[in-house]
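Dear colleague,

Please find below the structure that I am handing over to you. My notes on what was found in it follow directly after.

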2 protein chains.
Amino acid sequence: MKVISTHCISCKNRADIFSGLNDTELSKVNDARVGMHYSHGEIIFKQGSPCHDFVCVTSGLVKCFVEGEDDKKIIIGFVRPVEYIFAPGAYIDKRHHFTAIACEETTVCLVATDVFQELVRSNHEFANEFIAKISNQTIDLCRQLTNLTQKQIPGRVAETLLRLSQIVYKKNPFTSCLSRQDMADMCGMTKESVVRALKTFKDEGIITVDGNQIHLLNVPMLETISKIG
Amino acid sequence: MKVISTHCISCKNRADIFSGLNDTELSKVNDARVGMHYSHGEIIFKQGSPCHDFVCVTSGLVKCFVEGEDDKKIIIGFVRPVEYIFAPGAYIDKRHHFTAIACEETTVCLVATDVFQELVRSNHEFANEFIAKISNQTIDLCRQLTNLTQKQIPGRVAETLLRLSQIVYKKNPFTSCLSRQDMADMCGMTKESVVRALKTFKDEGIITVDGNQIHLLNVPMLETISKIG
DNA sequence: CTTCAACGTTGATATAAATCAACGGTCTTA
DNA sequence: TAAGACCGTTGATTTATATCAACGTTGAAG
C-alpha cells in the first residue's frame, strides 16, 4: 500500500481546484478526506448508488461510464491524476449517474460533497473552478453525443485512437491497459467491430498495433477519417 | 411586439435562479439585460459563435441542438419559459457549443455572461442554483447518451414521445410545433424511421396521431418499450 | 394564381453493423 | 498440472436502419 500525503496542505498530488484555498480551508478538506486504494477492475462508485463524496484521483487511472439496460456501457471519460471526478448528482438527487472503475492500481481521496459545497459557498475562486470543471464535462458530452450518433465505425474508432493518444495518455506510441471491449464502450459498438477497424487501419499503414501498444503513424489521416465519419 | 417587463425587479417572467437576488443585484441584471423577440425558426445563437450572453426565455419555446458534420443535428433539449439556457462555453472558451433556435414566437432576455459570473462570485445561493442547473444538464446528457446509442428505433421514439408529453409540453394529448425531422433529431434517426415507428404505435393502439396532436393512449406500454429498447 | 419548396408518407432497396460461431492464446485458480 | 474463463481475432450470416424514389399536401413567394 502506497503512503499518500499525510495532509492536504503539503500534498503534491492535489487537484488544481484546491490551489486557491488557504491553509484553514485545506485543513477542513483534509479532515474530511479519506484515502483509498483500488486494484484493477474495482468499482469506486456505481451508477445509482448514493453519492456522498467527490473522488480525487491521486494515482492510477479511472474510467467513468454510463450503464444502460443489458450490461451495455458508454465510457464518458477517463480521470487521471491529478484530477477529481465531478458527480452531477451531488447537487440534485444525491445519486451517482455513472459508474467509476479503476483501470489500474489507483489511489484516490474521497472528500464529502458537503465540504465541497461549503467551499463553493465560501470561496469564489473555488466556485469558478468548479463551474469550469462541470462546463468542460458538458462540452465533452455534447461532443460525444454527435460522435457516437453521427459517425460510422471507422470515424468513431479514429476519434477514439486520437483521444487516447492525445488526451488520455498524452503519448504517441501509447500503451493502454484497455481491452477491446473498453474501446468498444468508448465508441458505442461491439468489440468485433473495433478489432476489424483496427485491422483495416493497420493494413492501410495508418497505425501499428503490438499487443496493447498502439502507434499512430498517420495522425492527419486519422483526423480526416474522424472528421468525415 | 409584446411588451416585456420593464424591470427585472417587477418581472413576472423571471427565471427561478434570480429569486434569491436582492433589488440591488436585480438592478444590475436589469441594466445588462437586452430584451429580444424571435420568430419561428430564427437562430438565437449558433454553435461555434462567440458566447457573450446567457439567454433567459420569457415566452415561447426554444430548441437546443448540437450540430455534427453534414447538417446532422441532435436535439439536446427544449427550453420553455421561465428558464434560462446555460452555455457551457461561458466559463471555458467563450464559444457556443450548441445552437438555439426559436420553435415558435419567442421572447428572451439576454444577460451578459460576466454579470452572471459576478453574481456567482458574490451570491452563494445564486452559485448553488447555477451549479444545480448545470448538473441537471449533465445528468440529462448522460441519459441521452445511453438512449441514443443503446436502444433501437421503437425504444427511442417511445422515449421521445414520453419526453414531449411529460417534460416539454406537460400535457397528454399534446400539440407540438415540431416537424418529423425535429423528432428524428431528438431520436438520432431519419424522419422516415420516425414516421414508420409512429405508424406502428398507431396501428397497435398505443397512440393516436392527428396532424400535430399526439395522444398517448397507453403510457405504461410506451414506458416498457422505452425501457427494453 | 401559379410555382416552388418543404413536409409527411409509403414502398423498395442497399448497407452498415450486430450477432453468431469457432479457435488459439493467456491468465487465473483449483 | 489441468480446467475454466476471458480476451483477441476472423469469417459467415442476419438484421436494423438508412437511403433512394415517388407522390400528395401544404404553405410561402413571386
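Predicted model: local features only at pLDDT ≥ 70, side-chain atom pairs only at ≥ 80, totals over all residues.

In what follows, a polar contact is a pair of N or O atoms within 3.5 Å.

The surface near the DNA

In chain A, a polar side-chain atom of Thr190(A) lies 3.4 Å from a phosphate oxygen. The side chain of Arg196(A), by contrast, has an N or O atom 3.1 Å from a base oxygen of DNA strand C.

Around DNA strand C there are 15 residues, and those that come nearest are Gln152(A), Ser193(A), Arg180(B), Arg196(B) and Lys199(B).

H6(B) gives the most, with four residues. By type, the residues near DNA strand C comprise seven charged, five polar and three nonpolar.

The interface between the two chains

How many residues of chain B are in contact with chain A? There are 37, and they meet 37 residues of chain A. The area buried between the two chains is about 3500 Å², and carbon and sulfur atoms give 74% of it. Within chain B, the residues that lose the most area to chain A are Ile131(B), Leu145(B) and Gln150(B), which together account for 18% of what that side buries.

Two salt bridges are found across this interface. One of them joins Lys227(B) to Glu69(A), with the closest N and O atoms 3.7 Å apart. The count of residue pairs in polar contact between chain B and chain A is nine.

On the side of chain B that touches chain A, two or more residues come from each of strand S4 (62-67), strand S5 (73-79), helix H2 (113-122) and helix H3 (124-150) of chain B. H3(B) gives the most to that side, with 19 residues. The residues there divide into 18 nonpolar, 13 polar and six charged.

With kind regards

Terms used: Residues numbered from 1 in each chain as written. Chains lettered and ligands numbered in written order. Heavy atoms only, no water. Contact = heavy atoms within 4.5 Å. Buried area = accessible area lost by both parts, 1.4 Å probe. Salt bridge = Lys/Arg side-chain N within 4 Å of Asp/Glu carboxyl O. Polar contact = N/O pair within 3.5 Å; in protein donor to acceptor, adjacent residues only side chain to side chain. Nonpolar A, V, L, I, M, F, W, Y, C, P; charged D, E, K, R; others polar. Near = heavy atom within 4 Å.
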